[in-house]
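Subject: Structure handover

Hi,

Here is the structure I promised to pass on to you. Please have a look at it first, and then read my notes below.

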Amino acid sequence: MKSVLIIGMGRLGHHLCTNMAEMGNEVMIVDKNEESMQDLLPVAVMAKVGDCMKEDVLRSLGVGNFDICFVCIGSDFQSSLEITSLLKELGAKYVVSKANRDIQAKFLLRNGADEVIYPERDVAERFAVKYGSNKVFDYIEMAEGYSILEIPPMKGWVGKSIGQLAIRSRYHVSILGIKVNGHLQFLPHPDRVLEQEDHLMIVGMKKDIERILASIA
């Protein structure tokens with residue numbers, strides 16, 4: 001269980017609060033508008049109305065006591081930047097801030113953010129990969145250039161075992177699981193023979209996965 005502070009109760013803040021609470025974390029929410037927090041009161045352990053641009057408001061929250069602080073202000077970048085900087089000055093352990101553009105991310109990282117998220121961009125990229133190719137059933141972008149994709153097996157893989165194919169050494173990707181009729185077989189044995197109907201959950205560098213996609217019939 002983690003203690004989480006979320007500043008800004010827009011769409012991202014709402015989703016974060018709900019999901020973090022469902023996972024058993026203790027969530028405190030803050031916004032200038034009391035009405036924007038009303039529906040989250042049953043799931044948040046504490047809610048506070050206040051302007052986090054003011055140092056005394058942030059200080060009163062005890063930001064150093066939270067495992068993660070999220071800055072989810074999307075409409076006012078100046079506010080997001082200043083709050084991010086203040087959080088680190090006041091001893092926040094880990095700050096995650098929302099950005100809409102690369103230039104915003106650069107300023108946030110230079111001014112205290114430990115991590116920057118691009119909700120709209122990330123969703124758009126995932127949908128583009130998932131729906132823009134009939135070779136991809138699902139897609140998750142990870143850090144450092146890695147991705148997880150759900151794909152059909154290459155034509156030459158069908159009828160052969162994972163061990164025979166030496167997929168990791170030959171293609172530089174790993175099979176995390178195999179989905180059959182909606183059921184996931186996690187970390188399949190090297191003796192597992194691949195079938196045409198299998199959905200493979202593979203993880204690897206984007207460039208290596210792209211080479212596999214180009215080879216799928």
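Let me begin in a loop: Leu187 is found between strands S10 and S11 (199–205), where helices (H or I, at least four residues) and strands (E, at least two) are DSSP runs numbered from the N terminus. Please keep in mind that this is a predicted model, in which local features need pLDDT of at least 70, side-chain atom pairs count only at pLDDT 80 or more, and totals for chains, interfaces and linings use all residues. Residues are numbered from 1 along each chain as its sequence is written, and side-chain values use heavy atoms, with hydrogens and water left out.

Phi of Leu187 is near 50 degrees, a positive value in a residue other than glycine. Most residues other than glycine have a negative phi. Leu187 counts as exposed, at 55% relative accessibility; the cut-offs are under 20% relative accessible area for buried, over 50% for exposed, and partly exposed in between (1.4 Å probe, protein chains only). Leu184 itself sits in strand S10 (residues 183–186) and is partly exposed at 49% relative accessibility.

His172 also has a positive phi, near 65 degrees, and is not a glycine. His172 lies in the loop between helix H7 (167–171) and S9, and with 48% relative accessibility it counts as partly exposed.

Now the overall picture. The protein has eight helices and eleven strands, and 42% of its 217 residues are buried. Of the contacts with a separation of 6 or more, 51% come from residues 24 or more positions apart, a contact being heavy atoms within 4.5 Å. The protein exposes about 12200 Å², and carbon and sulfur atoms supply 53% of that; accessible areas come from the Shrake-Rupley method with a 1.4 Å probe, and for residues only the protein chains shown count as cover.

What does the inside look like? The largest nonpolar core has 19 residues, and Leu5, Leu58, Val63 and Leu87 touch the most other members. Such a core is a set of buried Ala, Val, Leu, Ile, Met, Phe, Trp, Tyr and Cys residues joined through side-chain atoms within 4.5 Å. Two or more residues come from each of strand S1 (3–7), strand S2 (26–31), H2, strand S4 (68–71) and helix H3 (77–89). Leaving aside residues up to four places away in sequence, Val63 touches Leu5, Leu58, Cys69, Leu87, Leu90 and Ala92.

Met53 lies in the loop between strand S3 (46–49) and H2 and is partly exposed, with a relative accessible area of 28%. Its C-alpha atom is 6.4 Å from that of Ser79, although the two are 26 residues apart along the chain. Again not counting residues up to four places away, Met53 touches Ser79, Glu82, Ile83 and Leu86.

On to the charges: a search of the whole structure finds six salt bridges, each defined as a side-chain nitrogen of Lys or Arg within 4 Å of a carboxyl oxygen of Asp or Glu.

- Glu55 and Arg59 meet at 2.4 Å, N to O. They are four residues apart in helix H2 (residues 55–61), so about one helical turn separates them. Glu55 is partly exposed at 37%, while Arg59 is exposed at 51%.
- Lys179 pairs with Glu150, with the closest N and O atoms 3.3 Å apart. This pair links distant parts of the chain, 29 residues apart: Lys179 is in strand S9 (residues 173–180) and Glu150 in strand S8 (residues 146–151). Lys179 is partly exposed at 25%, whereas Glu150 is buried at 6%.
- Asp198 and Arg192 meet at 3.0 Å, N to O. Asp198 is buried at 2% relative accessibility, and Arg192 is buried at 18%.
- Lys207, Asp208 and Arg211 are linked in a network of salt bridges.

Enjoy looking through it!

Best wishes
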